[in-house]
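Biologist: Could you walk me through this one before I set anything up?
Modeller: Gladly; have a look at it first, and then ask whatever comes to mind.

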Amino acid sequence: MIGARRLGRLVAALGLSVAAGLPVAIAAVPVPEGGAGPAQPLRVPAELVEAGFPAQLPPPPPDLDPSAPAAVVVLPDAEDDSGAGAKLFWFPPAQTPSGMRLGGFRLYEAADSGRFKPVLQPPRVSADAVCKVQVMGGHWPWKTYRARVAALYIPADTGDGNWGVKGERRPKDLKGEWVLAQEVLSRPAGPFTTRPYAKWFDLKKINLLVTALLYCTAVLWFLRHARRGREMYLRPIPGIEAVDDAIGRATEMGKPILYVSGLDPIDSVSTIASMIILGRVARRTAEYETPLLVPCRDPLVMTAEREIVKEAYLAVGKPDAYDPESIFYVTDSQFGYVAAVDGMMMREQPAANFFMGYFYAESLILAETGATTGAIQIAGTDADTQIPFFVTACDYCLMGEELYAASAYLAREPILLAQLKAQDVGKVVIGTAITLGAVAATLAVLVGEGGVWARYLGKFLAILATQ
Amino acid sequence: MRRTLPLIITFLAGLVMFVQFFVPHKLSQDALKYMTDWMRIIGTFALVLGIGSLIQRHTARIRQRHRDAPYSAVALCCFLAMVVLGIGWKTEEGSPFDWGFTYVFMPLDATMFSVLAFFMASAAYRTFRARTPEATLLLVASLALMFGRIPLHQALDPHLAGVAEWIMAWPATAAKRGILLGVALGSMAMSLRLLLGIERSHLGTGKEG
C-alpha cells in the first residue's frame with residue numbers, strides 16, 4: 001500500500017499537471033515489501049519536474065509486477081512544431097527476474113480506443129540505469145494516444161547480438177542461437193494529445209517570407225515598367241553573344257552540335273534554364289539544318305527536351321528535319337554518362353559544344369575532351385565548384401546567375417528583361433545589408449562587448465538568422 | 001487547354017509547396033512526403049522511357065551497320081546480361097550481379113574519375129600563364145595554394161600553409177559567396193517566371209512571354 005504522504009505527493013503532481021494544461025499520465029511500479037529497489041538513486045529530469053512530476057521517484061503500487069518499467073510518463077514535445085511529437089519518459093524496473101538480465105525496452109502505442117501496437121522504429125531501446133526519454137512522432141492532433149513500455153529480459157549469458165524481439169528479423173550471419181526476449185509490460189500512460197503544440201506558421205522563417213514577398217514585389221514592379229516599353233540596359237555577356245557564332249561555325253563546317261544539359265534531374269532550376277536555352281539553340285539548328293546531339297542522363301529530361309526540340313523545328317516550319325533519336329538517354333551513372341559523351345565527342349567531332357546546367361566532378365573531363373577535338377565550347381553552370389574548370393577549359397563560361405539570365409538575353413522579351421532588373425535590385429539590397437553588418441561587426445569589436453554597436457549587431461543578426 | 005493546363009498545374013503546385021515551406025503542421029509535413037514519394041514514382045516510370053530509348057537507339061545502329069555498331073552491341077549485351085543476372089540470381093552480396101557491379105562497373109567508374117587528375121594537370125598547364133596582370137595574380141595564388149597543400153610545404157616554407165589557408169578562407173570564400181548570392185537570386189527569379197507562366201518554352205509550347 002502507498003503511504004498517505006506519498007499518495008498526497010502523487011495527487012499534488014497530478015493536480016499541478018492538470019492545472020498547467022499538460023496531459024500527464026503516471027504509471028508506477030510496485031516494490032514489494034522487503035524487495036530491492038534500484039541500486040542508485042534515479043535522477044528525475046528537470047523537464048518532468050517542471051511538468052509537475054515529483055522530484056523523487058514515487059513508490060510503485062504494490063499490485064504491479066516489480067520487473068515492469070517504472071513511472072511511465074508522456075509529455076507533448078514542445079520542440080516539435082508539427083504538433084505530431086510526444087516524449088515518453090520511463091524509469092527502469094525495480095527488480096530483475098533471477099537468471100535474467102535487462103536487455104532493453106520496447107515501446108507500445110494505442111490510438112483512441114484501439115489496441116496497443118509496437119512502435120516499429122526503433123524496434124527496441126537500450127537499457128540504461130537512468131530515466132529514458134524517447135521522442136515519438138507521427139501523431140495526429142485530434143486523436144488521443146496511450147503508451148506502454150515493455151522491459152525486455154534475456155538469459156544472463158546471452159550475447160548482445162544474439163537476441164531480439166518478436167517480429168524482428170534474425171541476422172543472416174548470426175552464429176549461435178537466436179533468443180527472443182521476454183516482455184514485461186508497464187501500465188498504460190496517457191491519454192495524451194499534441195494539439196497544443198501544432199503550429200500553422202513557423203515564426204522563425206518570417207524573415208524569409210518577407211524577403212521573398214519584397215523580391216516578388218520588385219519583380220512585378222519592373223514587369224509593369226517593361227510592359228510600358230521602357231528600354232533597359234543590359235551589360236553584354238560574351239558567352240551568350242557567342243551562341244549564334246558557335247552554331248554558325250558548326251553549320252559552315254558541316255559538323256554536329258553537342259548539347260549537354262547537365263547531370264541534375266528535371267526538378268532542378270538549372271536544368272530547366274538549360275532546356276530553355278536548348279529551345280533557342282534548336283531553333284537555330286532547325287533553320288540551318290545543323291545536326292544536333294543531345295545525350296541525356298535523366299529520362300524525364302530526355303522526354304521534355306524531345307518536346308522542346310520538336311516544337312522548335314515546327315516553329316521554323318521544318319518538321320521533317322526533326323530526328324527524335326538525336327535526343328537520347330545514355331545512363332544515369334555519372335561517369336558512365338561522361339564516358340559515353342567523351343566517346344561521342346571523339347567519334348562525332350562536333351564543332352560546337354554546349355555545357356549548360358549543373359555539373360559535378362565530371363565537368364573538367366567533358367571540357368578537356370572537347371578542347372582536344374578543337375570544338376568551340378560554351379559552358380554555363382550554377383555549380384560554384386565547377387565554374388573554375390569551365391572557365392579554364394571552355395572558350396566562354398556563363399557563371400551562376402548568367403545561366404538563368406541567358407534565356408532573357410536570347411529572347412530579348414521586355415517581360416523577361418524586367419526580371420533581371422529585379423535581380424539587380426535584390427543584389428543591391430543584399431550588398432547594403434552585408435556592408436552594414438560588416439561595419440557593425442567592426443565597430444562592435446572596436447567599442448567592445450556591451451556597447452550599442454554590439455547590441456545593434458546582435459539584433460541585426462537575429463533578424464537575418466533563420467533555422 | 002494543352003498549353004493552359006500545364007501552366008495551371010505548375011502554378012498551383014508551386015504555390016502549395018511555397019506555403020508548405022512555412023507551415024510546420026503535421027498536415028504540411030505529410031503533404032511534402034506525399035509529393036516527394038510521387039516524384040520518385042514518376043521518375044521510376046520515366047526510367048522505362050529511358051531504357052526504351054537506349055534499346056531503340058542501339059538496335060537501330062546495329063541494324064543499319066553503323067560504324068559505331070560494335071559499341072552499340074557491347075552496350076546492349078552488357079545491359080541484357082546485367083538484367084538477366086539480376087532477375088535470375090538476384091542482386092545480393094556474392095551474386096553474379098554483385099560481382100559484375102563490384103569488379104567490372106566500379107573499377108571502370110573509378111578509372112574515369114582518376115582520369116580527372118590528368119585533365120587537371122593539362123588544364124593547369126594551359127591556364128597558368130602570365131599573359132595579363134590578372135593571369136599573373138592567378139598564377140601566383142595557385143602556386144602558393146598548391147605548395148601550401150603538399151606535404152613538403154614544411155620543408156619549403158612553414159608559412160606557405162598559412163598563406164594557402166588564408167587564400168581559401170578569405171578571397172576564395174568571398175568570391176564563392178558572391179556567386180552563390182547571385183545564383184540564389186537568379187533561381188528565385190527563374191522560379192517566379194516558371195510559376196507565373198512567363199517562361200513557357202520548357203513545356204514545349206514554343207511561345208514565350
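This is a predicted model: local features need pLDDT of at least 70, side-chain atom pairs count only at pLDDT 80 or more; totals for chains, interfaces and linings use all residues.

Biologist: OK, and how many helices and strands does chain B have?

Modeller: Chain B has 7 helices and 0 strands, so that, in the definition used here, which counts DSSP runs, its pattern along the sequence reads α-α-α-α-α-α-α.

Biologist: Into which domains is chain B divided?

Modeller: Chain B is divided into domain 1, covering 1–89, and domain 2, covering 128–209, and the C-alpha centres of these two domains of chain B lie 32 Å apart. Their contact takes 6 residues from domain 1 of chain B and 6 residues from domain 2 of chain B; on the domain 1 side, the residues that touch domain 2 are 3 nonpolar, 2 polar and 1 charged.

Biologist: Switching topic: how many residues of chain A are in contact with chain B?

Modeller: On the chain A side there are 69 residues, in contact with 51 residues of chain B.

Biologist: And which helix of chain A gives the most to that side?

Modeller: That is helix H6 of chain A, residues 299–315, which gives 12 residues to the side that touches chain B. By class, that side of chain A has 42 nonpolar, 11 polar and 16 charged residues.

Biologist: Last one, about H5 of chain A: how far does the helix reach from its first C-alpha to its last?

Modeller: Helix H5 of chain A, residues 269–288, has 20 residues and reaches 29 Å from its first C-alpha to its last, which is close to the 28 Å expected at 1.5 Å a residue.

Biologist: Is H5(A) mostly covered or mostly exposed, then?

Modeller: H5(A) is mostly covered, with 18 of its 20 residues buried.

Biologist: What follows H5(A)?

Modeller: The helix is followed by A:Glu289, and the phi of A:Glu289 is positive, near 55°.

Conventions: Residues are numbered from 1 along each chain as its sequence is written. Chains are lettered from A and ligands numbered from 1 in the order in which they are written. Helices (H or I, at least four residues) and strands (E, at least two) are DSSP runs, numbered from the N terminus. Domain bounds come from an automatic or database domain assignment. Two residues are in contact if their C-beta atoms, placed from the backbone, lie within 7 Å. Ala, Val, Leu, Ile, Met, Phe, Trp, Tyr, Cys and Pro count as nonpolar, Asp, Glu, Lys and Arg as charged, and the others, Gly among them, as polar. The expected span of a helix is 1.5 Å times one less than its number of residues. A residue is buried if 20 or more other C-beta atoms lie within 10 Å of its own, exposed if 12 or fewer, and partly exposed in between; C-beta atoms are placed from the backbone.
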